[in-house]
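This report describes a protein chain and some of the contacts between its rings. Please keep the sequence and the structure in view while reading.

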Amino acid sequence: TVCGSPPGCTPRSGSVIRGTNVMKAESRMGRTRGNGFVSVPFPDTEPHEQKSRNDVIPPLRLAKVLQFSIPALGAVLADPLMSLVDTACVGQVSSIGLAALGPNTAVFGFVSMVFQFFSVSTTAMVSRAHDEKNKTVGTMKKSQCASDALSLALLCGAVSTLVLFIFGNAFLQMMYTPHELITPALSYLYIRALALPATLVTTVGTATSLGSRDSKTPLFVASVTGTLNVLINLFLVLGPPQLGIVGSAIGTCLSQNLGAVLFYAHMTHKKRGADRLTLRLRFPNTKTAAPFVASGAVLTTRSVCVMSSYSLATASAASMGTLTVASHQVLMGIMTVAQFAPEPLSSCAQSNLASTQVAIHGRSEDSFGKKKHGETEKTQDLSSKSLSISEKKYAKEACQLLLWCGFWSGLLLATGTYVLLTHGSSLFSSDTHVVLSTSAMAPILAPCVFVYATVCVTDGLLFASGRVFFAAGASVLNLPVVAFLISYSTNGGFGLVGTWLSLLAIFGVRLVQNLCVVSKDYGLVEFSVPFFRKSLFHVSDNTQPKPRRRNLV
């Protein structure tokens with residue numbers, strides 16, 4: 001879920017997100033325009049054509065949702081599963097190493113949210129170039145876009161590495177990292193920081209593939225790098241070297257660099273023929289960087305606010321001691337996997353409903369948010385009436401189907417989470433105290449997973465209807481609330497239970513906020529609110545106004 005990226009997950013090779021999540025991950029495939037609208041390309045499909053008022057739009061069926069979601073699920077889960085493998089391997093060796101992963105996960109997750117705009121902007125710009133009727137011109141535009149994105153990504157990655165080397169100790173201190181964890185945590189941070197340029201190159205490569213309607217390449221790269229990461233962890237962490245958290249960092253660093261090389265080789269390979277990109281790296285300037293930074297500013301703001309909530313939770317757990325933060329890291333790893341699972345449903349919502357977004361909001365704009373030639377404000381206002389009854393019905397039924405899919409997927413994930421924690425906590429740690437602590441948290445983490453799955457789907461519906469500024473504004477307003485709840489639970493002595501109850505509360509607030517707007521936008525519930533207009537998705541069988549009753553007396 002542009003989700004923000006999910007808690008504690010840094011983009012690795014093959015990650016389809018975004019970015020994000022959230023974070024939730026919460027990162028989303030798409031692009032922010034100047035007016036706050038997001039247009040999200042749909043891999044392996046062509047954009048919807050404009051429908052006339054008399055056309056009947058085929059309803060979105062469950063089979064089509066599954067056809068998109070199931071293949072995308074493999075690439076989406078590749079990154080969080082690698083993080084979970086790291087947690088499990090390190091946890092079997094040392095509780096100190098497991099606890100040291102917690103602050104690092106928060107630090108690198110925050111960094112990934114800052115650079116969310118690479119995934120968001122590159123995907124949309126490459127998608128627009130891919131839709132050019134002149135394929136030669138389209139390939140040239142894709143090459144230019146990919147070259148600018150890669151140049152900026154390498155620069156940002158190098159600067160981020162330098163910043164972490166200089167201020168890494170200060171960042172860990174800000175996370176209330178216990179003194180005994182500073183040394184192993186710094187070792188992991190320094191090695192992992194070396195992979196940041198490759199991480200951002202992998203993000204750009206994934207976005208370029210998705211913008212070109214190629215979802216197989218990210219899945220292939222994710223599979224190769226994920227396998228390499230597992231093998232290195234098994235050898236360096238659990239094998240004879242017994243390097244612990246350092247071995248895990250080496251595995252992540254090597255797999256990230258391999259992913260960057262694979263994506264670069266794929267984009268420039270001769271066998272692609274006319275689709276081969278000509279990449280020219282150059283030092284970024286204001287002109288080449290502006291499209292990437294400006295278009296993703298709103299979504300990046302939202303993702304950073306969401307990720308800050310998880311960072312506060314990690315800092316709270318770290319202040320409670322080594323065993324508590326070790327347990328929190330296990331919970332965060334499971335939560336990361338569970339929250340990425342419904343991400344394809346969110347992307348499906350954006351892909352299938354974003355085509356009606358212009359009509360919903362009464363805009364006549366090109367794909368970069370600029371008014372078309374000859375359009376006036378009056379024309380834009382009238383364009384809101386161009387949404388046909390079939391389009392309204394299609395959007396409403398698609399919204400209902402996706403919400404039900406989110407509900408059942410959340411219920412399934414919550415059940416799996418509860419069973420895993422109550423019967424399989426020993427897979428993630430050899431420490432009895434950590435195992436008992438994580439098992440006791442099952443009744444709290446399971447509802448968190450259930451609520452978050454529905455939140456992820458509603459996020460996609462919000463982006464599809466163009467409510468990007470609402471999503472960002474709500475995240476900004478929610479941040480002080482979750483900060484207060486976590487601080488109160490920590491100072492009140494509620495421990496890890498209080499921290500996760502605070503997260504559950506903010507998930508519930510986000511769900512209520514999203515459902516209120518989604519219900520109004522898609523006509524699921526009709527109610528009157530002074531600052532909301534009547535839902536433009538409202539479907540009425542009688543399109544003519546009812547005549548007034550004549551008073552015959």
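## Aromatic pairs

Two rings of Phe, Tyr or Trp count as a pair if their centres lie within 6.5 Å, the six-membered ring being used for Trp. In this predicted model, the structure holds nine aromatic pairs. One of them joins phenylalanine 165 and tyrosine 190, which are stacked, with 5.0 Å from centre to centre and 10° between the planes. This pair links distant parts of the chain, since phenylalanine 165 belongs to helix 4 (residues 135-174) and tyrosine 190 to helix 5 (residues 179-193), 25 residues apart. Phenylalanine 165 is partly exposed, at 37% relative accessibility, and tyrosine 190 is partly exposed at 27%.

Phenylalanine 407 and tryptophan 408 form an edge-to-face pair, with 5.2 Å between centres and 85° between planes. Tryptophan 408 counts as exposed because its relative accessibility of 51% is over 50%.

## A charge over a ring

Arginine 192 lies over the face of phenylalanine 108, at 5.0 Å from the ring centre.

## The chain as a whole

The protein chain has 19 helices and zero strands. Of its 553 residues, 58% count as buried. Its accessible surface is about 23,200 Å², and carbon and sulfur atoms account for 65% of that area.

## The second largest cavity

The second largest cavity has a volume of about 90 Å³. Its lining comprises seven nonpolar, three polar and one charged residues. Among the lining residues are Cys305, Tyr310, Asn478 and Arg510. Helix 10 (297-318), helix 18 (468-491) and helix 19 (495-521) each supply at least two residues of this lining.

Definitions and conventions. Residues numbered from 1 in each chain as written. Predicted model: local features only at pLDDT ≥ 70, side-chain atom pairs only at ≥ 80, totals over all residues. Heavy atoms only, no water. Helix = DSSP H or I, 4+ residues; strand = E, 2+ residues; numbered from the N terminus. Buried < 20%, exposed > 50% of the residue type's maximum accessible area, 1.4 Å probe, protein only. Areas by Shrake-Rupley, 256 points an atom, 1.4 Å probe, with all protein chains shown as cover. 1 Å grid on protein atoms, 1.4 Å probe; cavity = no way out; pocket = protein on both sides within 12 Å on 5 of 7 lines; lining within 4 Å. Points joined across faces, edges and corners; volume = space filled by probe spheres on them. Nonpolar A, V, L, I, M, F, W, Y, C, P; charged D, E, K, R; others polar. Phe/Tyr/Trp six-rings, centres within 6.5 Å; stacked < 30°, edge-to-face > 60°. Lys NZ or Arg CZ within 6 Å of the ring centre and 35° of its normal.
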